[in-house]
Amino acid sequence: MATGRSTLADSLREVYQFSVVDYCMFGLMLLLSAACGIYFGFFKRSTGSDDTGTPESSSSSDDESGQRRPSVAPAGKKVTSTFGSSTMDEYLLGSRKLKAFPVAMSLVAGYISGVTILGTPAEIYNFGTQYWLIVVPILLMGYAVCTVYLPVFCSLKLNSSYEYLELRFSTHVRSIASVMFVLDELLFLPMIIYVPALAFNQVTGFNLYVIGAIVCVVCIFYTLLGGIKAVVFTDAWQVVVMFISVVVVVIIGTVAIGGPDVVWDRSVEGGRIDFFNLNPSMYERQTFWAVLIGGFFYWTSFNSVNQTMVQRYMSLPNLKKAKLSIAMFTVGMGVFVSVCCYAGLLLYAKYYECDPASVGLVTTDDQLFPHYVMESVGKLKGIPGLFIAGVFGAALSSLSVVLNSTSAVLLEDILKGMFRVNPTPFVANIFVRGSVVVLGVAAMGCLFIIEKLGGILSVASSLSAIAAGTTCGIFTLGMLIPWSNTQGALFGGVSGALLSGWVSLGSQFAGASGELVPHKLPVSVDGCIEDLLTNVTIVHPVYPDESGVFPLYRLSYHWITPIGVLTVLIVGTIVSFITGPRDLRNIDPELISPVIHRFLPQESFGNYGTASKNLAAGVVIFSEEMQPQNSVPTANGVGLPYGTTAERNEEGTKSR
């Protein structure tokens, strides 16, 4: 059977060859990405003054003692650097002066990896349209992030989201969360590379590991040189390439098949249309409740507190721009995911009588879409190259974001926070850029592990859910449960990680051993040409009896994140009350989400901003736009917004 598959795949590649035009489009994408790194690393660096000649005073950097201080240069005087960005603040946060639209596009590009482009159509093809309802949780996620989490981060103006945990709880909580983030990204990095390499291998036969190494080298290059500016602006045009590539393939495919009516009718006939599977069972892979509830927890967990997202929120100048960016990101993600879901129906409409996996044309579900591209539009010069460039653009954007944000966490949370090392600016520069290189090389080294795993979408979600659910639970505990304390955060975090990890890894091992097999919707080979059926044996799936499998292992992957978040909140709240809840009169309201401020005692607002000032050991100047405007009673009974710049500067002077 393996020989048959190889022969058929080779024959397909001979018919639908990657042309010179296709290779040129792919190569152009790599060259433009590298050029962005050179441009932002050497020609578009901070000069110490903006375009109007006003000194940069809104950004901050770390001095040699580890304290935050304004990064101010004399007007008109250039800040020189021998290598790339002039300061760590510029390299990691773009001096907090980026624009909302490119950041929004970067958020879309960073979240859409090859996992989305290749995994989502395969999910719809195999399990139906129930997953398409994920668009609703995406919209709800955007609202939750803007109202609950974002105001806190913008008010504090942190370099790393995990600094919040030290302000709210302790250094131990911060260290645990940051280590979990680093481990999670290390696990996810090789998957980001594997997906586009798999697609390229499917359409060209090019060696999987060689193309993976090329992607890594290009990504390391422009991330190393240009920092977050190169990452954001490269992502912005890469997401355009991604969107155009998928839309062009979908439009051409739809026209070729006879229009959307044909796609819909064949999908209905094949049982793929199902938006309201109200089965309450938590064991079924895709149900209405699993997608809505689990999807909301998963998307919110990742986009609310994860450093890869928060770092780009913090690169914007104020809260208003950050909210605008998230709104554009939310709409963009909803549209892109919908296009990918429709592509899944298009795949089924094309192969409803001849499933490529059954006859050995593809070896994994994630090769379905690349196979379709080559078979449907492979003869159109440049279209396959455009599609592969889009898939690789998704990989490069996700990889660059992970490299940049993980290096920031290694510097701010691991080196400075955990080990209390305060490097000089030069050492910090070398450390961050060295981290980018090491992480990229590690991703290449781990590439072979991913080949042993099955469906990419569920595997990626399961691995990320462990860290995402636990860390989001700890942040939510801190922002929404003002009584919670350090003991509650520690016990809750450990409990959430253990339980969600137990469920996630247990289900993966059960699946690897054959005890759990995803119940795919039926496919047909009745319409296949005789040559395709000659060298292969059609095996109808036989699903094992899963009743003997431990119940938690049988849960849909959608429920892993809710389990992690809710475990942290429940255990953390109980332990906090057992060990002695926080006295709300002494808490800093800046550390609590604005949606909870109405429940805080009036005395607590006298502590506004004290936590961040204590950490910085000096005056921290906040932009007025960044502050939640909370009216608190004054001596004369008139409600005034607390936390204006003048008031906080006066308090900072008194505290010194």
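Student: At what angle do helix H6 and helix H11 pack, and how far apart are their axes?

Tutor: This is a predicted model, in which local features need pLDDT of at least 70, side-chain atom pairs count only at pLDDT 80 or more, and totals for chains, interfaces and linings use all residues. Residues are numbered from 1 along each chain as its sequence is written, and side-chain values use heavy atoms, with hydrogens and water left out. Helix H6 (residues 135–156) and helix H11 (residues 288–305) pack at about 35°, with their axes 9 Å apart.

Student: Which residues make the contact between H6 and H11?

Tutor: Contact means heavy atoms within 4.5 Å, and among the residues that make it are Leu140 and Phe153 of H6 and Phe296 and Trp299 of H11. By class, this contact of H6 with H11 has 14 nonpolar, four polar and no charged residues.

Student: Why is the pair of Arg285 and Glu123 called a salt bridge?

Tutor: The term asks for a side-chain nitrogen of Lys or Arg within 4 Å of a carboxyl oxygen of Asp or Glu; the closest N and O atoms of Arg285 and Glu123 are 2.7 Å apart, so the pair qualifies. Side chains of opposite charge can pair when their charged atoms come close.

Student: Where in the chain do Arg285 and Glu123 lie?

Tutor: Arg285 is in the loop between helix H10 (260–269) and H11, while Glu123 is in helix H5 (residues 114–127), and the two are 162 residues apart. A search of the whole structure finds eight salt bridges.

Conventions. Axes are lines fitted to C-alpha atoms, for helices over the stretch in contact, and angles run from 0 to 180 degrees between N-to-C directions. Helices (H or I, at least four residues) and strands (E, at least two) are DSSP runs, numbered from the N terminus. Ala, Val, Leu, Ile, Met, Phe, Trp, Tyr, Cys and Pro count as nonpolar, Asp, Glu, Lys and Arg as charged, and the others, Gly among them, as polar.
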